[in-house]
Amino acid sequence: MFSLVKRIKLIGFFFILPTIILLLVISIFPLIYSFWLSLCQWNIGTGGERMFIGVRNYLNLLTDERFWNAMKNTGLELILGVGVQFLIGLGIALLLNRTFRGKNWVTTLYLLPMMISPVVVGCIWRIIYHYQYGPLNYILNRVSIASVNWLGSGSISIFSVIIADIWEWTPFMMITLLAGLQAIPDELYEAARVDGATRWQTFSALVVPLLTPVMIVVLLIRIMDAFKIFDLVVLLTMGGPGQSSETVSFFNYLTGFKYFNMGYASAMAYFQLLIIVIIANIFLKSWKRRETI
């Protein structure tokens, strides 16, 4: 009997063995290997030998001005970009949580930017931002405002990327928060009305507490996604002019696949991972703290 059970377990193991091997090859091995690379100096562009240097790559990151400029731009995207997406998304979700004719059509129209490929979004905004022929500068000129060099100005280019990202991803915030709002039972709104609560009291004392778990999840998802923003930077500015709109992901790409400094690029990737893990833990702890209240 024991041998039969053992044989069944062995057969089961052989059934899942291909999946285990696949995971080891495509996930675990690259993870371990890239961490090893982050501890080495290895420039494959010059054909140099791989040399173990310990944590020197990580220490170099701390004094790398270009890296911290990319971190500053990524921070702007996280705070300004995701923050505005959240506020606009919440506002639209509150409006769409009402009953009116054509609500389904309006909701679908709001979702369109999210359905478009990021490459197409980049091309659309490249046309919108065009200095001479773009519709945005045309509108500004019609109200007697001079044309703005949206993609060619070092002080504006990162905000141009953020605006395009807000346009693309606000619908994601909206639809997720709308789902959370519609999960709140109508009876609670009725009870608030019977108790004489104003709209603001209903929102602050009823909607916000019940919607907080959804808010935490949607913010966490968008922050993790925004930390990796790459496509819009490539399509709109290529990190320029100069390095004014470089984000961490784009600088990491340049370091690894243009300058071929694989050790430094790997260290940068793990630094990014560490920050994302810290942010995720802060959000998850705030969620758990709320559940224990």
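This is a predicted model: local features need pLDDT of at least 70, side-chain atom pairs count only at pLDDT 80 or more; totals for chains, interfaces and linings use all residues.
Axes here are lines fitted to C-alpha atoms, for helices over the stretch in contact, and the angle between two of them runs from 0 to 180 degrees between N-to-C directions. Helix 7 and helix 9 (residues 199–226) pack with their axes 10 Å apart, at an angle of about 150 degrees. Angles over 145 degrees count as roughly antiparallel, and helix 7 and helix 9 are therefore roughly antiparallel to each other. The crossing of helix 7 past helix 9 is right-handed.

As for who meets whom, helix 7 brings D165, W169, F172, M173, T176, L177, G180 and L181 to the pairing. Across from them, helix 9 supplies V207, L211, V214, M215, V218, L219, I221, R222 and D225. An α-helix has 3.6 residues a turn, so residues three or four places apart point the same way.

Helix 7 also takes in Q182. This residue is partly exposed, its relative accessible area coming to 46%. Setting aside residues up to four places away in sequence, Q182 touches L96, N97 and K103. R98 sits 84 residues from Q182 along the chain, yet their C-alpha atoms are separated by 9.7 Å.

K103, one of the residues touched by Q182, opens helix 4, which covers residues 103–115. Helix 4 has 13 residues and spans 19 Å from its first C-alpha to its last, close to the 18 Å expected at 1.5 Å a residue. Its buried residues are K103, T107, L111 and P113. The packing partners of these buried residues are helix 3, helix 5 (118–128) and helix 7 (157–182).

Helix 3, one of those partners, runs over residues 65–96 and has 32 residues. From first C-alpha to last, helix 3 reaches 45 Å, close to the 46 Å expected at 1.5 Å a residue. At its start, a side-chain oxygen of D64 comes to within 3.0 Å of the backbone nitrogen of R66.

Over in helix 1 (residues 2–38), the residue to look at is S38. S38 is buried, and its relative accessible area is 0%. A polar atom of the S38 side chain lies 2.5 Å from the backbone oxygen of F35. Neighbours within four places in sequence aside, S38 is in contact with G54, N57 and Y58, and also with G263, S266, A267 and Y270.

Definitions and conventions. Residues are numbered from 1 along each chain as its sequence is written. Side-chain values use heavy atoms; hydrogens and water are left out. Helices (H or I, at least four residues) and strands (E, at least two) are DSSP runs, numbered from the N terminus. The expected span of a helix is 1.5 Å times one less than its number of residues. A polar contact is a pair of N or O atoms within 3.5 Å; within protein, one must be able to donate a hydrogen and the other to accept it, and residues adjacent in sequence count only if both atoms are side-chain atoms. Buried means under 20% relative accessible area, exposed over 50%, partly exposed in between (1.4 Å probe, protein chains only). Contact means heavy atoms within 4.5 Å. Angles under 35 degrees count as roughly parallel, over 145 as roughly antiparallel, 65 to 115 as roughly perpendicular and the rest as oblique. A crossing is left-handed if the near helix is turned anticlockwise from the far one by less than a right angle, and right-handed if clockwise.
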